Amino acid sequence: MSRDLVELAKRRGYFFQSASAYGGVSGFYTYGPEGATLKDNVEDAWRERFQVREGHREIDAPTVMPEPVFEASGHLDTFDDMLVECPECGESHRADHLIEDNTDIEEAESIPISEVEDLIADHDLRCPNCDAELAGVPVEDFNLMFETNIGPGDSSPGYLRPETAQGIFVEFPQLAEYARNQLPFGITQIGKAYRNEISPRKSIIRVREFTQAELEHFIDPTEDEPPLDRVADVELTLYSAEEQEKDDGEYVTKTVREAVDEGIVHEWIAYYLGVGKQWYESIGVDMDRFRYRQHLPGERAHYSADCWDAESEVDGDWIEITGYSYRSDYDLGKHDEYSDDDFTVFKQYDEPKVVERATVDPDMSYLGPEFGGAAGDIADALETLAERDRKAFDGEEVAVEVGGEEYAIPTEKTGFSVEEVKETGEHVLPHVVEPSIGIDRVVYTVLDHAYETDEIEGETRTRLALEPAVAPTFVGVFPLMDKDGMGEVAREITDDLRAAGLDVTYDDSGNIGRRYRRQDEVGTPFCVTVDYESLEDDAVTLRERDSTEQVRVPISDLDDLLADLQAGETTFAELDAPAPEQ
Ligand code: GAP
C-alpha cells in the first residue's frame, strides 16, 4: 500500500524526492502542484481551527537563529538522537530504531545509551545495509541541529530552527506587550523546521526539512482554566504512561471531561486533545486509525513536563503526527535567565497588597576594611539571602558563601530590617501549553486514509476519497469532445468556476471514462461534463467521485451549488433527491 501511495503521489503530482536529477538527497521532498495545494488546504484548516476560532494570533519569525538562543533553550546540549555507525560500510543508523525494528521493544528512545549498547549486543543486531555486527560498536549522542555561519567567517554561529516554537519564545517580551500583558494569550506559527535526521525514512514521514504548525498558549497556571465545555463530550482514545507500564495495560475511551475528572490528562492538554480530534476528523483522518498516547517519563523532550502524542496508523505502523506538550515555564524561564530581557508578565492585583519585605543595608565602612575585594559580593549575597531566608538573620552572625568561600558577618553590620510595603502586583513567569503539529505527517495520513480501491464496471479503480474541504482540485471540467462548441462551453464554465474561487482542472484528452479515472486518482470530488445535450438545454452532468452517481444541473446554478458542496452546506445525495413537496 505504501509503495502504491508513494508511486501515486509521484505520478499525480503530490510529492516526490527533491533534486532527483542529481541523485537526490534523502530527507528532502518537493510537493508537486496537487501536494502543495493539499498542504495549503490542511494549513488553512489548521489556522481556522487552532488560531481563528481560538482567538490566537500568528507570527512569522526567521528560520535561522543565533547560537545563544539554542544554548538557552537547551537544544545545543540535549537535542540528540542515538547514533551507531557501522564499522564496515560506514552507514549511520538510529540505535533506538534498530532496537524497535528488530525486537519487541517499543519506544526505545527512552532507554539510556549504556542499555542500548547492551541490547544491540544481546540481540546480535546487525547493520541493515551490509549485515556487519554492531555489538561492541559505541552508541553516541548526535545533535540534530543544522549548523551554519551568520555572515562571513565563523565568529557568529547560527542554527536552522529545529522547532518553530523558539521563534515565539524569544519574542515573548514584545508579544506580551502586544497582548497588553494579559494572560492567557496564544501565539501560532507555521513554517519550516529542520532536523539533521540520522536516517530519514518513509517518504515525507521522517524528513530533514518539514513544516510545523505550532501554538504556544501562555497561561497563568494558578488562575487560567481552559474552556473545557466546548469539547467536553469529545471522545478520546487514550493510552496513558501508567497503562503502558502495566503488563496488561490498555487503551481507554473517555470523553474530554471524564479524562480530566479522572486525572488521566491535564486539563489544558485535554482541551487541545479535544480540539485536535475534531480537527483531524474534519480533514479526513480515519478515527478508527487514530489514538492518543502519553509519553513515558524517559521519552519526554528536555523542555516537557508532560506530553501526549496524536498517533495515526499508516501502512500498519503507528506514527506520531502531533505532540501536545505541557512545557511549563521551562522556555520562558531559560530565556529570562540567559538573556537581558524580562520574560515575565506583570500581574496587577485587584487591590494593592501590603506585604512584608526583608531588606539589608550593609555597613560598607565595616565590610570594606574587613573583607577587601569581596565586600561588594558579600553585600549582594546578603541581599539575596534576606529575600530568600530572613530567619538566617535571627542570630548574632550571618553566614554567606561567595566564590566558594564562607564569610561570617555580624548581624548588626548587615542593616537587616523588615518593612511593610504596598505592592500593586507581581511578576509571573507564564506556563506554556503547546500543540505542535507535523503538517507533512498529517498530509501523509490524510492521503493514506483516503487511498481506496474498488471495482467499477469490471475494472479496478484507485481513488483518493479526500474530504472536499481539503481536496486540492475540487472539480474537473470536461467537454465530451472538443468540437461543435462543447469545448468553448466547457472552457467558459472553467473560467467562471475559477472566478468563483474554486480549484478547477480542464481536461479534454482521452475518453471520458479515462478522464474520470484520472480525477478519481487525484481525489477530485466532482466532475462536470459538457455534452451535446448541454448545447440544447444549458445543463451539464455533475458526477460525484465516491458514488460515481451523476445528476443533471443547470449551468447557471453550478458555481453556487459547488460552493455549497465544498462548504458542506449540501450533499450530493440531496441534489439527487426529489424536491420536498410544497
Ligand atoms: N515544538 C515541539 C516539537 O517540535 P516534536 O514532537 O519534536 O515537538 C512536533 O515535533 C511534530 O513535528 C511531530 O509530532 C511530527 O509530526 C513533526 N516532526 C518531527 N520531526 C519530524 C521529521 N523529521 N519529519 C517530519 N515531521 C517531523
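In which helix is Thr-445 found? In this predicted model, where local features need pLDDT of at least 70, side-chain atom pairs count only at pLDDT 80 or more, and totals for chains, interfaces and linings use all residues. Residues are numbered from 1 along each chain as its sequence is written, and side-chain values use heavy atoms, with hydrogens and water left out.

Thr-445 belongs to helix 15, residues 439-450 (helices, H or I of at least four residues, and strands, E of at least two, are DSSP runs numbered from the N terminus). With a relative accessible area of 0%, Thr-445 is buried (under 20% relative accessible area, 1.4 Å probe, protein chains only). Leaving aside residues up to four places away in sequence, Thr-445 touches Val-285, Ser-312, Val-314, Ile-319 and Ile-321 (heavy atoms within 4.5 Å).

Turning to the ligand, 19 residues surround it, and the closest are Glu-163, Glu-197, Val-207, Glu-214 and Glu-320 (a residue counts if one of its heavy atoms lies within 4 Å). Strand 11 (209-219), strand 16 (317-328) and strand 21 (431-438) each supply at least two residues of this shell, and strand 16 gives the most, with five. A nitrogen atom of the ligand is 3.3 Å from a polar backbone atom of Ile-205, while an oxygen atom of the ligand is 3.4 Å from a polar backbone atom of Gly-438. The protein buries 93% of the 550 Å² that the ligand exposes when taken alone (Shrake-Rupley method, 1.4 Å probe).

How values were computed
Buried < 20%, exposed > 50% of the residue type's maximum accessible area, 1.4 Å probe, protein only. Polar contact = N/O pair within 3.5 Å; in protein donor to acceptor, adjacent residues only side chain to side chain.
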